[in-house]
Amino acid sequence: MRITDTSDLWWKTAVVYCLDVETYMDWNGDGIGDFAGLAQRIDHLADLGVTCLWLMPFYPTAERDDGYDITDFYGVDPRLGTHGDLVEVIRIANDRGMRVIADLVVNHTSIRHPWFQQARRSKESPFHDFYVWRDDEPPDTSDQVVFPDQEDSIWTLNEPTGEWYLHKFYKEQPDLNVANPRVRDEIAKVIGFWLQLGLDGFRVDAVPFLLETAGIDEQEVEHFQDPHQYLRALRALIARRAEAAVLLGEVNLPHEEQQQFFGGVDGDELTMQFDFIAMQAMYLSLARGDVAPLVDALTSRPQVSPDNQWGMFVRNHDELTLDKLGEEERQEVFAAFGPEERMQVYGRGLTRRLPPMLDGDPRRVRMVYSLMFSLPGTPVLFYGEEIGMGENLAAEGRLAVRTPMQWTSGRNGGFSTARPSKLPGPVVEGGFSPEFVNVADQRRDPDSLLSFIRLLIRRYRESPELGWGTYEVLGQPHPEVLASLSTWDDGTLIALHNLGAEPRTVPLTLGGCDSTHRLEDLLVTQTTEIADDGSVELTLDGYGHRWLRVVAQDSRRLL
């Protein structure tokens, strides 16, 4: 039976905000962000309009992969606080109308996890089969490593047993054997534990790797023939434990393969997935000043169940990957937004945030965020995007964008009172430093990016067409302009975005509309009349953007 109550599908019109507790707010002055600091900043998120808080890993870690190498799936990193501190954050967030989800990282453990520490000692260990091993020396797998500057194989020799263990990421992150029913049971316990503590779901890390069975013993695979059945079981588990909980999956694959991870037309596997294809196409469109790549990506999306949703984003916590673009296309984006080698990573992505890529041009920055919020899906923000933070290229790789949050223009950007050497990473310097970019100043400025993002979120939340409705690209003559129409129930919203520097007049013909209808701008106060034949001409500034609601004479909608 299909869920029809929209409150059960809260995530279809959510605004998700991702943060790393370690870099968000240090409250005890030791240089490391903590849950106590986050609790003090929940009101900032509530004022912004965030409805779902996504916490990056807060578990005990060996710090090989910025928290993604976990030593205890049930623990809280003591530098960040305690289980009680986490529960207090969840309580405060819930009180402000926010759900809380967290990273679920169960493709691998840390090499220091007790399971692996026992597994590596002996083939007779009860935990040995929790991991993936081979007795013979592996072939060259350098083309399969995720971090090519750090690893040259996905197999590493374990001296005590004379075997090689599998690791798709760093060698300090041995892969779990998901074909082992005991491992699957442990993952279920981890999920149940955190749901019981109050989480509303998970962002699931590296889903395709988690379900991959290559390298696993053939006899075990025979009893695990359909990995997607396991994903369906996890979805069913969270539905039993927390009916409205969500699984937001990281699946960076072509759209057709992503459809499989939704569960096809049944939609009974991952609840949501990030649309990496549309994100990468958006940057190619921005580089070219031509919306065609983005339009192609959006219109080629496979049909998914109404009980599923795409996650839209400008960037996330990793490198800004461009791996699904062709080589020439990727070079176009590099030339436009990351021409220096230090701005690129692994030849496949960028270690930059949006404002520096656009030379700090406020018109372009606002246009891109307006575009993202208007696309069909759920918007996901990475901390600091609401104020236009930049990156620090002195930090290694993806850490360039995981810099301390900039709250004030003061010492360490108001993140911590500790010495800079105690911080988890360097604060942004130069034109995007806290002196010029911080929350305190922008809260008092009605023309700031923070005020604009707050308005976008308010209008997005008032426009169910964007999360629930059908999406159509409208024909018009300008290659640099995207005109779209979203409809849901009796609501219709038109969004216009100009990726070019020159102003444009956009002619549209709106079916079913006549002079008894009008267009009301949602981001400014302006009314545009529609002709008897449904035609209308709309002006756009260079890098301009407009959201317009179609309003009938007898409409009772609040604008």
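**Note on the predicted model**

1. The model discussed here is a predicted one.

2. The two strands concerned, strand 5 (residues 155–158) and strand 6 (residues 163–166), pair in the antiparallel sense, with 4 bridges between them. Their hairpin has 4 residues between the strands, and Gly162 there takes a positive phi near 70°.

3. Glu163, within strand 6 (residues 163–166), is among the contacts of His128. His128 itself lies in a loop, between helix 5 (114–119) and strand 4 (133–134). Leaving aside neighbours within four places in sequence, His128 is also in contact with Ala119, Ser122, Lys123 and Trp133.

4. Is His128 buried or exposed? The relative accessible area of His128 is 5%, under the 20% cut-off, so His128 counts as buried.

5. For His128 and Asp489, the separation in sequence is 361 residues, and the C-alpha to C-alpha distance is 55 Å.

6. The largest nonpolar core has 157 residues, of which Tyr17, Leu55 and Tyr283 touch the most other members. Helix 11 (residues 276–288) contributes the largest share of this core, 9 residues.

7. Which residues does Leu55 contact, leaving aside its neighbours within four places in sequence? They are Leu19, Val21, Phe35, Leu38, Leu86, Val100, Ile101, Ala102 and Asp103.

Definitions and conventions
Residues numbered from 1 in each chain as written. Predicted model: local features only at pLDDT ≥ 70, side-chain atom pairs only at ≥ 80, totals over all residues. Heavy atoms only, no water. Buried < 20%, exposed > 50% of the residue type's maximum accessible area, 1.4 Å probe, protein only. Contact = heavy atoms within 4.5 Å. Pairing = 2+ DSSP bridges. Core = buried A, V, L, I, M, F, W, Y, C linked by side-chain atoms within 4.5 Å.
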